[in-house]
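This report describes selected packing features and the confidence of one model. The sequence and structure are shown first.

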Amino acid sequence: MSAYVEGGSGLLKTRRATGAAGAPSAARDPRDEVSALLDLGTAGPGADATDEPTPIDLALRAELAVHGLRATPGLSRRGGAGPSNDGHWKLAGPATAKGCGSQTTLPMSPDSPFSLDADGQLTRDGVVVEDVAVEAIERPAFYDLSTAGGTRYEDLARLHGTNVLATTVVQTCIRYRDEATRCRFCTIEESLRAGDTLQVKRPEDLAEVAAAAVRLDGVTQMVMTTGTSNGRDRGAKHLVRCVEAVLAAVPGLSIQVQIEPPLDLEWIDRLHEAGAAAVGIHVESTDEEVRARWTPGKAEVPIERYEEAWRRAVAVFGHNRVSTYLLVGLGEEPDHLVAAAERLIDMGVYPFVVPYRPMDGSLAFADGVPAPSPAELRAVTGRVARKLRHAGMRGADQVAGCAACGACSTLGADGG
Ligand code: SF4
């Protein structure tokens, strides 16, 4: 399966793993095959290992992150947990080999000044933007498959970017039904309401999807997030089952789990024992006024409890295997956000700086709260990226998860 996008300097071609994987040999252990596929690395099948994409200019990247792109993506998502309502693309700056580019998510925005011309070249207000190549990421082959019970793989897990399999193992959250406790940026249950996913994913089904996604589409890592449960594990128990089942089917696949601080911190240890390689414990903001306004339910969990969970997670998973989202655009003072990021970095926790995205279906969208300005996003990203570089912490070293993927953040444009 191939896609062709005309770039400014010629024809860009990408191949998905259906061609690269080749025909399986009956003599080979299927596990060796999976390992060979995983060894292909983050550039994905079909890419030359020496082709490192050069990032695009941070100012432009910040504008694209905020304004989005007026174009039809090959791969997109709507609703669900985390950043959404976006198209998935490969973006590359100058001197990048054709077919290479960093996986990037861009809001699907009919009002964006950014579009693609007939040759696939990025334009702004109709004028070509030089030194940037945009390449569509194709719909993966595993989306065409279903379980024996008839559940579409696409309803169980999605491809994010070029190499990430993402799933929400429980699509409901104790904080969502009541608007007084719901996070105002969140749309976790909207994809469930739309009939695009299941409330609870069965571990054996996820194992089946993961094996297919690795085999057919070159997936190299997996993200498992969850809505928060009312148990003391806060959702960790089902994550443990899902991690174990996927690793039994695809040994060696790097998996990140995402969870609120469990009431019993031992669950962090159990997630690690199950085989998860990294963990995200997402606070979004450490500013108490911002937390009370944007995440009123989660704000009842004291910041001190988050710090205990992060420290426990670093002790168990290791330095730079723990991360948290920090959202730009919630009204937090940039100096406060940057100082929080620096404390996290000192703790060994990767601050995944992401712009707040107004998503249809969220409370904040209904209130008309706009995204941050590109200038604010650029400034905060630049300051946090500098600190990350100084500390020698790269998102890629998380091995799995949003920081390792990087598609929803602008940090990658500045070496973060
Ligand atoms: S950064 Fe996270 S949410 Fe965004 S595309 Fe990557 S895995 Fe998905």
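Two residues are taken to be in contact if their C-beta atoms, placed from the backbone, lie within 7 Å. By this criterion, and leaving aside residues up to four places away in sequence, Cys402 touches Val223, Gly280, Ser323, Phe352 and Cys408. Cys402 lies in helix α13 (residues 402-405); helices here are DSSP runs of H or I with at least four residues, strands are runs of E with at least two, and both are numbered from the N terminus. A residue is buried if 20 or more other C-beta atoms lie within 10 Å of its own, exposed if 12 or fewer, and partly exposed in between. Cys402 counts as buried because it has 29 C-beta neighbours inside 10 Å. Between Cys402 and Gly82, the C-alpha to C-alpha distance is 9.9 Å, although 320 residues separate them in sequence.

The model is predicted; local features need pLDDT of at least 70 and side-chain atom pairs count only at pLDDT 80 or more, whereas totals for chains, interfaces and linings use all residues. Residue numbers start from 1 along each chain as its sequence is written.

Confidence is expressed as pLDDT, the predictor's confidence in each residue, from 0 to 100. The protein has a mean pLDDT of 88, and 88% of its residues reach 70 or more.

| Stretch | pLDDT | Contacts beyond four places in sequence |
|---|---|---|
| residues 1-31 | under 50 | 64 contacts |
| residues 39-50 | under 50 | 27 contacts |

Where pLDDT is low, the predicted coordinates should not be read in detail.

Helix α3 (residues 58-67) is mostly covered, with eight of its ten residues buried. These buried residues are Leu58, Leu60, Arg61, Ala62, Glu63, Leu64, Ala65 and Val66. They pack against β5 (102-107), β6 (114-116), β16 (349-355) and α12. Gly68, with a positive phi near 75°, follows α3.

Helix α12 (residues 374-391) also packs with helix α10 (residues 334-347), at an angle of about 20° and with the axes 10 Å apart. The pair is therefore roughly parallel, a term for angles under 35 degrees. Axes are lines fitted to C-alpha atoms, for helices over the stretch in contact, and angles run from 0 to 180 degrees between N-to-C directions. On the α10 side, the contact is made by Pro334, Leu337, Val338, Ala341, Glu342 and Ile345. From α12 come Glu376, Ala379, Val380, Arg383, Val384, Lys387, Leu388 and Ala391.

Methods
Parallel < 35°, antiparallel > 145°, perpendicular 65-115°, else oblique.
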